[in-house]
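Student: Could you walk me through how to read some features of a structure?
Tutor: Gladly, let's take them one by one.

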Amino acid sequence: MKTDVENLWVFALAFKFKSLFSTNFACFTLLLVLTWLAINLIFWAHPGGTAWGKHKWRNFSSIPINKPIPGPKGAPIIGSMKLMMGLAHHKIAAMAESFQAKRLMAFSLGETRVIVTCNPDVAKEILNSSVFADRPVKESAYCLMFNRAIGFAPYGVYWRTLRRIAATHLFCPKQIKASETQRVEIYNQMLDSYNTSELDELRELVDQGYELLGTLNWSDHLPWFADFDVQKIRFRCSKLVARVNRFVRRIIEERKTETATPHRDFLDVLLSLQEPDRLSDSDMLAVLWEMIFRGTDTVAVLIEWILARMVMHPDVQARVHDELDKVVGRSSAVTESNITEMVYLSAVVKEVLRLHPPGPLLSWARLAITDSIVDGYHVPCGTTAMVNMWAITRDPDIWEDALKFNPDRFLSENNSTEFSVMGSDMRLAPFGSGRRTCPGKTLGLTTVTFWVASLLHEFEFRHCCQNNVDLSEVLKLSCEMANPLKVRVRPRRPPIEPHVLAFNV
Ligand code: HEM
């Protein structure tokens, strides 16, 4: 149990009273409990709840006099844990609205101070500030080795080195172009229902990892609770990480024994690094696991949402088909160079990213490494900061007819789509922004657009068995369709019978 100043104070007080009431132990215990409750109620009464109150009272003399950030108190001790359960992006947006705190809202998760914004200007302030360049510590992320990979490595030399290596050898335009043949190969495997026991195992590892990282872990916010591992997260992480170790290590060992590989890929680069960039085997394993992990699910989830929208809006699908016929032609297969000419498809992808951002809360929060001022409020070092991108992208003050699916909003008069979703415009920044922006955004977007274009070129997607598409969401690390999409597809090129496809992401 963490001993803090106020606990010591309670015990000192209790000790003093104990001698007075030594004959009446029950009175003493009652007094102890009442004093403890009174102190916690004082903390809890602060806007934003207990964690904010504690900070205020502990640093009473050093904090500049400033109005507090508005926000819910939540429950005493545990704070607003309920806010982060289930569809947290919906609940946070509604709470911010009711507190008139869309620009900046404070709340407590146990002992953790949190701020969240549903406003693009404040989002820019947070994401692009060097103060918020770190990630809050998550037990599951550490157990699953992500602290040795880019996503959760503390902001510093190691993180910078990894990002530089990844930017130079995996995410640069030349490397993305060079990996086109691999994406074509994988697309063809998708059509052949290609399945191996290795793929099944990988799917299981990624699914479990997503579930563990996406679960709100009470131990992260209530330190006195951590030893108990009530949700069994630590236990499940340690079982998973042993399997991940075996899986990824096997890939590395196989590659080390190969004499020549057809395409030099990221693993070859990692293996050939020389000092000072050389990574230990366990760091290499962590980096590869992260790339597999981040690269698979986000892409699959986004493709599923796009296809769902295509089924719901046959008129939009027909326009994409027309564009494909014009740019590619029915007799040819899609290539990635075709994609740059497909302006309407690009607008469709942006509109799906707007209504269904795979990371509605930008997946991983940020951590303040020093005290700072955000939107005029004092934000102390150690505060967790989140951006509710989902609320921003559906805000009627920002987007006309915000809930309407309308890709045309991204087409300008000269039929181009200039709106960048890469993090320069916070009205739609599904890949985050600033120092910790998604390094895989160009690769991810290229992959999604190419595979969607290829699927739509090959098939027409329709409702399956009179069922309407169910847009219900489930929030894990990404926001997925609660009921996986089932569609009927009709080949557009060779004339064969229609059949049913179920997408299993
Ligand atoms: C549609 C696809 C994707 C979406 C929507 C997405 C979204 C995101 C978001 C919102 C973040 C947090 C950014 C921030 O804090 O500002 C992130 C971080 C990250 N993403 Fe992606 N991502 C996608 C694809 C990929 C791919 C393909 C890879 C790698 C193969 C990747 C690797 C990463 C990594 C390593 C980080 C952590 C960056 C850091 O902390 O420095 N992502 N992504």
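Student: Where is proline 276 found?
Tutor: Proline 276 sits in the loop between helix H13 (266-272) and helix H14 (281-312). Bear in mind that this is a predicted model.

Student: And what is the form of the peptide bond from glutamate 275 to proline 276?
Tutor: Here is the general idea: most peptide bonds are trans, and most residues other than glycine have a negative phi. The bond from glutamate 275 to proline 276 is cis, with omega near 5°.

Student: Which residues other than glycine have a positive phi?
Tutor: Among them is aspartate 229, with a positive phi of about 45°. Aspartate 229 belongs to the loop between H11 and H12. Leucine 362 also has a positive phi, near 60°, and lies in the loop between helix H17 (343-355) and E3.

Student: What does serine 219 touch?
Tutor: Leaving out residues up to four places away in sequence, serine 219 touches Glu139, Phe225, Ala226 and Asp229. Serine 219 is part of helix H11 (residues 218-221), and counts as buried because it has 20 C-beta neighbours inside 10 Å. The C-alpha atom of serine 219 is separated by 9.0 Å from that of lysine 138, although the two residues are 81 apart along the chain.

Student: Now for the sheet. In what order do the strands come?
Tutor: As a general idea, strands of a sheet pair through backbone hydrogen bonds, either parallel or antiparallel. In this model four strands form an open sheet in the order E1-E2-E6-E3, with mixed pairing. E1 and strand E3 (366-367) stand at the edges with a single partner strand each, so one side of each has no neighbour in the sheet.

Student: How many bridges join the paired strands?
Tutor: Strand E1 (residues 105-109) and E2 run antiparallel and are joined by five bridges; serine 108 stands opposite arginine 113 in E2. Their hairpin has two residues between the strands, and glycine 110 takes a positive phi near 55° there. E2 and strand E6 (residues 384-387) run parallel, joined by four bridges, and valine 114 has threonine 384 as its bridge partner in E6. E3 and E6 pair in the antiparallel sense over two bridges, where leucine 367 has threonine 384 as its bridge partner.

Student: Which way do the residues of E2 point?
Tutor: Thr112, Val114 and Val116 point one way, Arg113, Ile115 and Thr117 the other way, and all are buried. Helix H5 (residues 120-127) lies across E2, E3 and E6, running at about 135° to E6.

Student: Last one: how do H10 and H12 pack?
Tutor: Look at the angle and the distance between axes. Helix H10 (residues 197-214) and helix H12 (residues 233-257) pack at about 150°, with axes 10 Å apart. They are therefore roughly antiparallel to each other, and their crossing is left-handed. Contact residues include Leu205 and Leu212 of H10 and Leu240 and Phe247 of H12. The residues of this contact divide into seven nonpolar, two polar and three charged.

Methods: Residues numbered from 1 in each chain as written. Predicted model: local features only at pLDDT ≥ 70, side-chain atom pairs only at ≥ 80, totals over all residues. Axes fitted to C-alpha atoms, helices over the stretch in contact; angles between N-to-C directions. Parallel < 35°, antiparallel > 145°, perpendicular 65-115°, else oblique. Left-handed = near helix turned anticlockwise from the far one by under 90°. Contact = placed C-beta atoms within 7 Å. Nonpolar A, V, L, I, M, F, W, Y, C, P; charged D, E, K, R; others polar. Buried ≥ 20, exposed ≤ 12 C-beta atoms within 10 Å, placed from the backbone. Pairing = 2+ DSSP bridges.
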